[in-house]
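Here's a protein model to explore, along with a short briefing to read beside it. Have the structure open and look up each residue as you go.

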Amino acid sequence: MTALTQHPRILFVLTVLTAALVMTTGLLSAMSIQAWPPDGPETNVGGEITSDTTWTLTGSPYVLTSNLTVAAGVTLTIEPGVVVVGGSGTGLFVAGHLEAIGTEITPITFTSIAEKGPGEWLGLRLSGSAHINRTIIRFADSDIGMTNPSGGPILIENSTLSHSANYPLLVDPDAMHRLQMDNVTFADNAVNRVFVDTVVNQGTLVENVTLTAQPGLEGYEINGAFPSFVVPPGITFTLGAGLSWFMPVDGLFTVWGHLKAVGTAVSPITFTSISDLAPGQWLGIRLPGSAHFDHTVVRNAGVNIGVMNAAGGQIFIENSTLSDSADYPLLVDPDAMHRLQMDNVSFVNNNKNRVLVDGVPFSSVVLTENVTLTGQPGLEGYEVVDFVIIVPAGITMTLQPGVTIMATDSGYCPISVAEQGHLEAVGTSEAPVTFTSTSDFGPGEWTSICVAGAAHFDHAEFRNGMFNLDIWGPTGGEVFVENSTIISSSYYGMWTYPDSLHRLRMDNVVFTDNEYDRVLIDLGHDVYELTENTTLSSQPGLEGYELNAPHQTSYQPILRIPAGVTLTMEAGTTLMAPVTEYAGGVIAVLDQGHLEAQGTADSPVTFTSATDSGPGEWTGLVIAGSAQLDHTIVRNGVLNVGLLENDSDEIRITNSVVSNSSEYPMIVWPEALHRLQMFNVAFTDNLRNRILIEPSEGNEALAGSVTLTAQPGLEGYVIKPWDDPTPQLAVRAGLTLTVAPSVTVMMAENTLINVAGHLAAEGTAVSPITFTSITDTLPGEWGGLIVSGTASFDHAIIRNGQRNLDVLAGASVVSLNNSEVGQASGDGLAVAGGEVTAVCTTFSHNNGDAIYVTGSPNVTVFSSSISGNGSGVNNVGGTAVDARQNWWGDASGPGGEGPGIGDAIWGNVLYDPWLNEPTCSLTPYQLFLPVIIGP
């Protein structure tokens, strides 16, 4: 002090002026250096105060001649206007209570004797309690230091801490709960921060703490031998708006209790490094407990925030920024994801603007509660690396719009939805949900999302996986994929299994740029069944559903549609069977199963092979149940369509194409023929454009009435046994075999059609019906037609049999009109019973008799041509054959027992009159006989 300022009167004037300045500005920080009081000498103090003491204005200034201690249980009261000065190395130590309450006009001042600069005295050290109001503390080494967790509250308000050589306020972590500040100004200190010394209690709080921002206070700096700060269980740590928290190198902020950091848009809370200069300067915040961040900035850590511990409380981060991390701004353990909620959290300038879901490599984690992941500004996605998040039964994982899940190719599904679990991934057109790889660069960089439970994907994009989406398991819920994209897989766009197919529903799912733009249906065994009704739908860019056995190629894999199950193929869908070493795959509709394939002219349903490149690459559709195929294409099989035995189920094929088979385009067991109905079915480019009817056990009977219809490109129906030297196709009594116009029935060697019911073969002049051999070249190449019931032939051709038509005893009515019976190796027509009529029918080039009659049938032949046969009519029976009004190959009439040189007649045969030329008249010849038409 100068001599001038030591003069009592001048000191009084300065004091008054100083007080007036304080009243005028209202700012303690603007106060000038407090002068000595006007009256009384200096009071020297030091040592220990052991009883309650009051320092009065009249005793001011109080000069610390040595360290002064206020003993425990003792109160030191300092009146307004008092000045306390300390010399070098001296300080006030309060183990009891300090009551230092000034006024706005007459504040209390703690300062140095010299008042020339920071560090000229130690300052206040408070291990007890204190109430400091309207007080100035300056020029100390550190203005205030706080220790002792069991001390009383330290309330500092409306005061100024300034000009300290280090930190204006030192506080031990275990004493922080004692500190309360209100309107405390920090000014002109070496560092305008509160120093939290972690050497004590290793940075661990012991009670709830609330810290508030103060004028000029930059924040709280954690420092010391242990660079950690811990909020233990049961403790709440509250940071007020505008507060900053500075962590040292390798500093870690761990919250086992609760952290509340709620700032405002104008006054955010900040967590950063001491220098606040660059990423990675501290480790970050770890939250095994709970936290609420609002308008908070966390920056410059290695990992800014880490969330772990499944049993911890909620972590709510809103209106905040995670920036400038050296690695990930946010790390969360998968079993703690349910604790994390984010709203409007910006990810800025981090090494990776992503959330790392941090599981143990090559393991799995089962969620224990529902989880919701949200998209945030600047957040690229959630990385799941080398492990599996399992969504178990009763748990829902929700991915909100804008969320991206990123994974690596480790052979693991980053998310696996277990049976009765649920995944909800519903985005928008502007903010889709995305599943991709961590590099998001190209196909095959991750595996797939695996769903054994239920899932709903809307406006989702799957890309760069091996399969992108894998659906498996028979009993999980529906997997509904809509308005989504499956892109850039290295294998198939989607993988599933037959017993999972019923769970898949798609609507507007685009497949593009996958190695195979297909859904793979994995036939992991030689036979695999659908378990419930299944619908396959067409999607943009989807080539089809491929049945495959990726790990097996040496057997014949079969997809089975069992009893009570319907497979529905919607318009535009394609089902592809596997190509294997053994005849290729089979699609089998079992007894009482059903196949519904409803295409359109523009969008047909297609069944083909996986390669879809040529005939014989798969076996075909095998249908023992029912089926309805409309606008359907079946191609490239060995047989394409096979119909097996069944009593009643209908097989209806309309407006369809059966093509490119390596054998027959269709094979039908006789017992299944009654079930087949066809209309406008084109047979094209097959090795044999024929339908094979295959009696597998020789004499097989139709199970119902049958109609064989002509179809575009169909050469005919081939009846060829599996393995029997004398096979028969039997039409049982009460049943009808109808052969429609233009149909050709082709018979294998020795094969017979045995009609105990009714055979209707009624063609037209333009569209005749033909019965012949498979090769249709030589007589005797098949057995013939045997009728023990009834038959009607009109515009029918029967040729190349051993005996073309054999009417047995017990037959009823057989009629031939406008037909041809020829080229038999034996008899053309043999009659042993019934009533047989032939009108306008040609019998020619039969090596035996054109007509051979035995027994007592009623046989009438007229307006027909009988020529070029071994003989014409040979009747060895007892009833006359009426063969009048026929052409016998020569105008002279029949030979043999007849008068002419035409085909011979033998036995009791009526032949006169005969025709002089081959003509046909449907008028009965009896009308020309005088005995009939006379009076």
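This is a predicted model: local features need pLDDT of at least 70, side-chain atom pairs count only at pLDDT 80 or more; totals for chains, interfaces and linings use all residues.

**Strand S4 and its partners**
- In a regular strand, side chains alternate between the two faces of the sheet.
- S4 pairs in the parallel sense with strand S2 (residues 53-55), over three bridges.
- S4 also runs parallel to strand S7 (residues 97-101), and four bridges join these two.

**Around Trp 55**
- Trp 55 and Tyr 62 are both buried.
- Their ring centres are 4.5 Å apart and the planes sit at 10 degrees, so this pair counts as stacked.
- Look also at the loop between S2 and strand S3 (62-70), where you'll find Pro 61.
- Ser 60 and Pro 61 are joined by a cis peptide bond, with omega about 0 degrees.

**Disulfides**
- A disulfide is a covalent bond between the sulfur atoms of two cysteines.
- This model has two disulfides, and with the bonded cysteines numbered in sequence order, the pairing is 1-2, 3-4.
- Cys 413 and Cys 450 make up one of them, with sulfur atoms 1.8 Å apart.
- That pair links distant parts of the chain, 37 residues apart: Cys 413 is in the loop between strands S38 (404-407) and S39 (415-417), and Cys 450 is in strand S42 (residues 446-451).
- Both Cys 413 and Cys 450 are buried.
- Cys 840 and Cys 920 also form a disulfide, with their sulfur atoms 1.5 Å apart.
- Cys 840 lies in the loop between strands S83 (835-839) and S84 (842-844), and Cys 920 in the loop between strand S92 (909-910) and helix H3 (930-933), so the bond ties together parts 80 residues apart in sequence.
- The torsion about this S-S bond is about 90 degrees, so the disulfide of Cys 840 and Cys 920 is right-handed.
- Cys 840 has a relative accessible area of 9%, so it counts as buried, whereas Cys 920, at 45%, is partly exposed.

**Core and rings**
- In soluble globular proteins, nonpolar side chains tend to be buried together.
- Here the largest nonpolar core has 218 residues, and Trp 245 and Phe 457 have the most contacts inside it.
- Beyond its close sequence neighbours, Phe 457 is in contact with residues including Leu 423, Phe 435, Phe 462 and Val 481.
- Trp 245 belongs to an aromatic cluster with Tyr 220, Phe 229, Phe 237, Phe 253, Phe 271 and Phe 293.
- The charged end of Arg 193 sits over the ring of Phe 246, 3.7 Å from its centre.
- Likewise, the charged end of Arg 505 sits over the ring of Phe 480, 3.6 Å from its centre.

- Asp 912 and Pro 913 are linked by a cis peptide bond, with omega near 5 degrees.
- Asn 183, found in strand S15 (residues 179-187), isn't a glycine but has a positive phi, near 60 degrees.
- Asn 319, in strand S29 (residues 315-323), also isn't a glycine, and its phi is positive at about 50 degrees.

Notes. Residues are numbered from 1 along each chain as its sequence is written. Side-chain values use heavy atoms; hydrogens and water are left out. Two strands pair if DSSP finds at least two bridges between them. A disulfide is a pair of cysteine sulfur atoms within 2.5 Å. Buried means under 20% relative accessible area, exposed over 50%, partly exposed in between (1.4 Å probe, protein chains only). A nonpolar core is a set of buried Ala, Val, Leu, Ile, Met, Phe, Trp, Tyr and Cys residues joined through side-chain atoms within 4.5 Å. Contact means heavy atoms within 4.5 Å. Rings of Phe, Tyr and Trp (its six-membered ring) pair if their centres lie within 6.5 Å; planes under 30 degrees apart count as stacked, over 60 as edge-to-face and the rest as tilted. A charge sits over a ring if NZ of Lys or CZ of Arg is within 6 Å of the ring centre and within 35 degrees of the ring normal. Lists of a residue's contacts leave out its neighbours within four places in sequence.
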